[in-house]
Amino acid sequence: MFASDFENIRLEISSETGPRIYRIALDRIGLVSRENVTEKDIVDSSAGLKPESIDLIEQGIQIVIFDQALSRKTLHALSRVLSGLDKVRMAGLVLFQENSNTPILLNDMLIVGFKKDLDRSSVEAFARANGIEIVTSDKLVPRQWLFRLDDFSDRDVLDVIQDILIKNRAIVEFAIPNYAISIVSHQSWSSDPLLFSQQWHHHNYGQGGGTFDADADTDDAWSLTPGDSDVVIAVMDKGFDIEHPALAPNLWVNEGEQGSDSSGANKATNNCDDDQNGYDDDLHGFNFSECFFLGECPTNNTAGTANCPDTTNDFGSISDSRHGTAVAGVAVARPVNGNGVSGSCPQCSLMLIQVSSFALQWSLGEAIGYAGKMGADILNNSWGYPPEADVPDNVVNAVNTVVNHGTIIFWSMNNEPVDDCAGTSSVIYDNPGVIPISAASNWDKKVRETGYGECLGVLAPAFSGFGPNPNPLPDNPGLVGQGYTGTLNMVTTDQRASLGYNDTRVPANNPGYDPTFCNSGSDSSNQDYTLCFSGTSAASPMAAGVGGLVRSVDPEIDVETMKRLLQDTADKIEPMAANYSPKHGQSANEPPTHGFGRINAFEALKVIAPVTENDVTRPGGVDLFLRDNKFDWGNTAQSIENGPPWRGGSNVLLTRKRNFIAHYHSVDIKVDAPPFKPAPLTSRDFDNFVHENPVSGLMNRVYVRVHNRGTKPATEVEVKLYSAFAGTALPAFPSDFWSTSPSLPSKWKHVGTRAVAEVGYSGATVAGKATDQSKIVSFNFMGPRLNPLNRQFRHHCLLAIVDSPDDPVNEDRLIPDIVTPTNNNVTHRNLLVQDSTAPVDRFFLTVRNPFPRPIDTRLRVIKPRNWDVVLGRFGDGKPFSLAPGEEKTVQVKITGRPGLSDIEVEIRQEVRYRDKYHPFGGFTFRFP
């Protein structure tokens, strides 16, 4: 197409969004057909204009291209003629938004939003003055109306909109064409019976080459609740296999359309609006894809009569689609007779909202509004606008209104590595009522070909990425990946028989087909299911189902609290690539790539579920925590395959290989050695407060910061501080440690207890902000005095415990290095006592066995490459044995190299378990 084939037009649209530039194609018309329209049909109706080509955009959507540019007036008149064909639903001008190649199809309809509600007579007067006709008003947002050009208008809809905006600025908030545009399903596809064991996103035990525990812990969450049928998850998509055995048991039922009417006809199929909600026969939801090509869904508001006037159009019936079937299954599938697949909320109800893949904007707004109007708790949208397409005002208003109704929206981000929070789609993703979802793999890595940005809510398990597809789509070569991010895709329901994704008839060399995708192209032998669903289309319903679990426990939770709960309890996967901030836990890349991490359903439910099932005196919604290291924000469920009992929780670094991160580097304990600095009063002050090692023989100050990531404040909080001589492992607690301050002879000394009346919400989402309600308490701590006979006196530990009737510490184990990483009410920090008389490069360190049994152990050194560390008689990596409770000393000599500063040298103790050595405890030395 040459530049002369375009006409640029500048539309103000609304004062909020500013002007938008469109390019009108002057050599083409777009068609939406009921059946395939032939070239002869078009020629016969085109006043002698023979088309040069007819491009198929998708099934039923065609672009007719002529061999010459025409005037807008001629194109408008021709589109009206073509719209009169029996086989054509609509025809209109084709335009493109500036910097976008996505075609937009105009028609004769426009959407007007008034600045206030107007009565119908005022709207009728407005319509007459502007040469348009009323089609309908918005059922959810009364100030929005749909209009149509009158039959004799020789102006196209863009001319009319410009005229309206010029003449009616006092009463009109916005005016936009009710255009049709392809909405993008955020999914990719390629082409043993299905069992739950293959759903790695619920429980990843390493199947298919995955990483152990790289999942959402939904199977653990189900021990608290599998969902509640009163919780309704609406899925808005292109259609559903309504009779699928894994979906049918969970279908939401509109009681107003259930049963028989007064004439004995089935309300679900009598083509009547029996409950007078504006939609006929919406028993399980509604199909908005058909009726809105007419501008509205004709409604028979004649409930209770013997016959409805119109019994010919069954607009509300749901039709099949593989995409919607797969999406719905990810969220709410229920296993059939204990087999098949499970959605993340298998006991929640499923509301079906069908829209067209080439959708008119009025229909999208109405469809979104339906979810709120009919009381959906959750709305999942596994689709979106093309990255550079505008999101119309009526759709944004529908989102806002639905959220005000209490519906929480989960929306999939793009299947492209783009910042969804910066372009035009940010109108949706930045909306405070929307939780944007991007994707993670079964290696616990963010899928590289998915959206990101400041507004990203959380990642959810989804798929392996696109990989090096040898057959890329001609118009989308950018989807060819750089290698897979994982090994498995999503296991879910599929449109039955050979109509879904699980269709082995697809030729292996078809464009878009990747024979290396999804386990070398193999799929389940049961075509009711697929192993190959993928994209952020899978991630969003996975998270939406978790949202359903949360609503099952707390039906009143709002979107802000839901979002921060999921973010506060997310696992910090792939920390080096994500660059999570130690101050607030969000990815600190510019723009952020990983949000707050990968969703963890079990951790989220633990925060809000009752402490015990039968103990109503302990309300849920309180979760006090102390941070053990910079990546710890309270989660304790992380684990490793065949790991020992001391490997779990905060000491698991969530990389693909599940490395170790020290749990003895608490960022919530800081020491101030004399002379004292001003005390930190806020969490931000605490973050900026410089920690020092305590001075021997002098009074030092210790500050402890306490957080609460729960939805309710914690009351009657106690913070206790203990100290002990440290080493590569901490001494065991005495047997009465958890019942009293130690009364038995103990190596642990009670420094003090501080009372805090209340700790409000202070999770990662608000960390360091003015709304952060974490509390800081202080203790006086006498630096251990010099003792020449105790050669390892300089290595010390401070251990803090937070307790409350609302969230009791609930602990009885006696090994500190096991308790700290797995109990978020406990933390400790190993530190070096300042001693000017002792060299910092040569000292003795205690190696300890705190277990009541013998252990095989060894020491390992983690140091900069150009530093030397000598471990006396033991050496680096040399195994030795320790009897129960035995302690030995090792001389350590550290030799540095010039040119480096801020150096850390860690001496880590590893203990043998099942023929492997695993990190247990350790001590870190820091050099300026």
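The model is predicted, so local features need pLDDT of at least 70, side-chain atom pairs count only at pLDDT 80 or more, and totals for chains, interfaces and linings use all residues. Residues are numbered from 1 along each chain as its sequence is written, and side-chain values use heavy atoms, with hydrogens and water left out.

Start with the whole. The protein has 17 helices and 40 strands. Helices (H or I, at least four residues) and strands (E, at least two) are DSSP runs, numbered from the N terminus. The protein has 928 residues, and 60% of them count as buried. Buried means under 20% relative accessible area, exposed means over 50%, and partly exposed lies in between (1.4 Å probe, protein chains only).

Next come the cysteines. A disulfide is a covalent bond between the sulfur atoms of two cysteines. Here the test is a pair of cysteine sulfur atoms within 2.5 Å. How many disulfides does this rule give? The count comes to 2 disulfides.

Cys345 is buried, at a relative accessible area of 0%. Cys348 is buried as well, at 1%.

Another disulfide joins Cys421 to Cys455, again with an S to S distance of 2.0 Å. The link of Cys421 and Cys455 is left-handed, with -85° about the S-S bond. Cys421 lies in the loop between β19 (408-412) and α10 (426-429), and Cys455 in the loop between β20 (434-440) and β21 (458-461), so the pair ties together parts that are 34 residues apart in sequence. Cys421 counts as buried, at 14% relative accessibility. Cys455 is buried too, with a relative accessible area of 10%.

Now turn to helix α15. This helix spans residues 601-608 and is mostly covered, with 7 of its 8 residues buried. Which residues of α15 are buried? They are Ala601, Phe602, Glu603, Ala604, Leu605, Val607 and Ile608. Their cover includes α5 (218-221), α12 (536-553) and α13 (559-568), where contact means heavy atoms within 4.5 Å. At the start of α15, a side-chain oxygen of Asn600 comes within 3.2 Å of the backbone nitrogen of Phe602.

The aromatic rings are the next stop. Rings of Phe, Tyr and Trp (its six-membered ring) pair if their centres lie within 6.5 Å; planes under 30 degrees apart count as stacked, over 60 as edge-to-face and the rest as tilted. The whole structure holds 24 aromatic pairs. The ring centres of Trp646 and Phe851 are 5.6 Å apart and their planes stand at 55°, so this pair is tilted. The pair links distant parts of the chain, 205 residues apart. Trp646 is in the loop between β24 (624-625) and β25 (652-653), and Phe851 is in the loop between β34 (842-848) and β35 (855-862). Trp646 is buried, at 1%. Phe851 counts as buried at 8% relative accessibility.

Phe851 also has a charge over its ring. The charged end of Arg853 sits there, 4.9 Å from the ring centre. The rule asks for NZ of Lys or CZ of Arg within 6 Å of the ring centre and within 35 degrees of the ring normal. Arg709 lies over the face of Phe625, 5.9 Å from the ring centre. Elsewhere, Tyr722, Phe733, Phe737, Trp738 and Trp748 form one aromatic cluster.

Polar contacts close the tour. A polar contact is a pair of N or O atoms within 3.5 Å; within protein, one must be able to donate a hydrogen and the other to accept it, and residues adjacent in sequence count only if both atoms are side-chain atoms. Asp806 lies in the loop between β32 (795-803) and α17 (816-822). Is Asp806 buried or exposed? Asp806 is buried, with a relative accessible area of 13%. A polar atom of its side chain lies 2.8 Å from the backbone nitrogen of Thr715.

Asn688 belongs to helix α16 (residues 683-688). Asn688 is partly exposed, at 48%. Its side chain makes a polar contact of 3.1 Å with the side chain of Lys583. Asn688 and Lys583 are 105 residues apart in sequence, and 9.4 Å apart in space from C-alpha to C-alpha.
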